[in-house]
Amino acid sequence: VTSQARLQALRMQTSAVFSFDNIRKAAGGGASVSRIQMSDSPAQRAPADKKRVLYENTYRMEPEKTFPHSKVKSIVAEVMTRELEKQLYEPIACRQLTKTLSEMIKSRVKDLALPRYKIVCVVHIGELKEQTVRVASQAVWNPEYDSYSEFSFKNGSLYAIGVVYGVYTE
């Protein structure tokens with residue numbers, strides 16, 4: 001490819017901000033040319049008709065309502081009992097089941113519309129073989145507003161522990 005063909009290709013690809021004469025001067029007549037691409041096409045720009053939403057600071061430092069322990073615990077108990085009542089422990093199936101249960105519980109708790117609470121749901125499922133299991137967690141949080149609810153389930157084949165954390169975001 002000749003340098004003239006390269007310059008012709010650059011002319012077609014260069015943004016209108018840069019003139020072809022400047023590119024030719026920078027190329028030094030026949031030297032290689034570096035190319036600068038700009039996202040100036042309408043498809044890459046933000047739509048002009050879409051208005052930007054601005055939010056004011058609320059300066060709210062405490063929740064309007066506290067984390068509802070009993071409601072959340074009843075949701076966790078209902079979902080886990082319904083889904084695990086006749087379930088047998090199978091390692092691969094239970095791995096996916098923990099994710100599914102966690103999403104189901106989190107979705108139901110979010111339906112309670114707790115403003116400014118971040119909901120975190122963790123479900124553990126294990127095989128029941130006469131062992132003792134302790135589940136512990138640590139977090140840095142405000143004990144006045146942040147809280148959790150838990151529920152333990154057991155059938156003949158497996159055990160399950162579901163914990164829902166409600167962390168208030170200021």
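The following legends describe close-up views of a predicted model. Local features require pLDDT of at least 70 and side-chain atom pairs pLDDT 80 or more, whereas totals for chains, interfaces and linings use all residues. Residues are numbered from 1 along each chain as its sequence is written, and side-chain values use heavy atoms, with hydrogens and water left out.

**Figure 1. Overall arrangement of the chain.** The chain contains 4 helices and 3 strands, where helices (H or I, at least four residues) and strands (E, at least two) are DSSP runs numbered from the N terminus. Read from the N terminus, the order of elements is α-α-α-α-β-β-β. Of the 170 residues, 29% are buried; buried means under 20% relative accessible area, exposed over 50%, and partly exposed in between, with a 1.4 Å probe and protein chains only. The accessible surface amounts to about 12,800 Å², and carbon and sulfur atoms account for 51% of this surface. Such areas come from the Shrake-Rupley method with a 1.4 Å probe, and for residues only the protein chains shown count as cover. Among contacts (heavy atoms within 4.5 Å) between residues at least 6 apart in sequence, 71% join residues at least 24 apart.

Figure 2. The volume of the largest pocket is about 260 Å³. On a 1 Å grid over the protein atoms alone, a pocket is an open set of points where a 1.4 Å probe fits, with protein on both sides within 12 Å along at least five of seven lines; lining residues have an atom within 4 Å of a point. Grid points are joined across faces, edges and corners, and a volume is the space filled by probe spheres set on the points. The lining includes Val135, Trp141, Tyr148, Glu150, Ile161 and Tyr165. Strand 2 (147-154) and strand 3 (158-168) are the elements that give two or more residues to this lining. By class, the lining residues divide into 8 nonpolar, 3 polar and 1 charged; Ala, Val, Leu, Ile, Met, Phe, Trp, Tyr, Cys and Pro count as nonpolar, Asp, Glu, Lys and Arg as charged, and the others, Gly among them, as polar.

Figure 3. Lysine 106 and glutamate 103 form a salt bridge with an N to O distance of 3.8 Å; the criterion is a side-chain nitrogen of Lys or Arg within 4 Å of a carboxyl oxygen of Asp or Glu. The two residues are separated by about one helical turn because they lie 3 residues apart in helix 4 (residues 91-110). Lysine 106 is partly exposed at 23% relative accessibility, as is glutamate 103 at 48%.

**Figure 4. Further salt bridges.** The whole structure holds 6 salt bridges. In one of them, glutamate 127 meets lysine 129 at 3.9 Å, N to O. Glutamate 127 is partly exposed at 33%, while lysine 129 is exposed at 58%. The closest N and O atoms of arginine 82 and glutamate 83 are 3.3 Å apart. Arginine 82 is partly exposed at 44% relative accessibility, and glutamate 83 is partly exposed at 31%.

**Figure 5. Positive phi angles in two loops.** Alanine 113, although not a glycine, has a positive phi of about 55 degrees. Alanine 113 is located in the loop between helix 4 and strand 1 (117-127). Glutamate 130 likewise has a positive phi of about 55 degrees without being a glycine. Glutamate 130 belongs to the loop between strand 1 and strand 2 and is exposed, with a relative accessible area of 83%.
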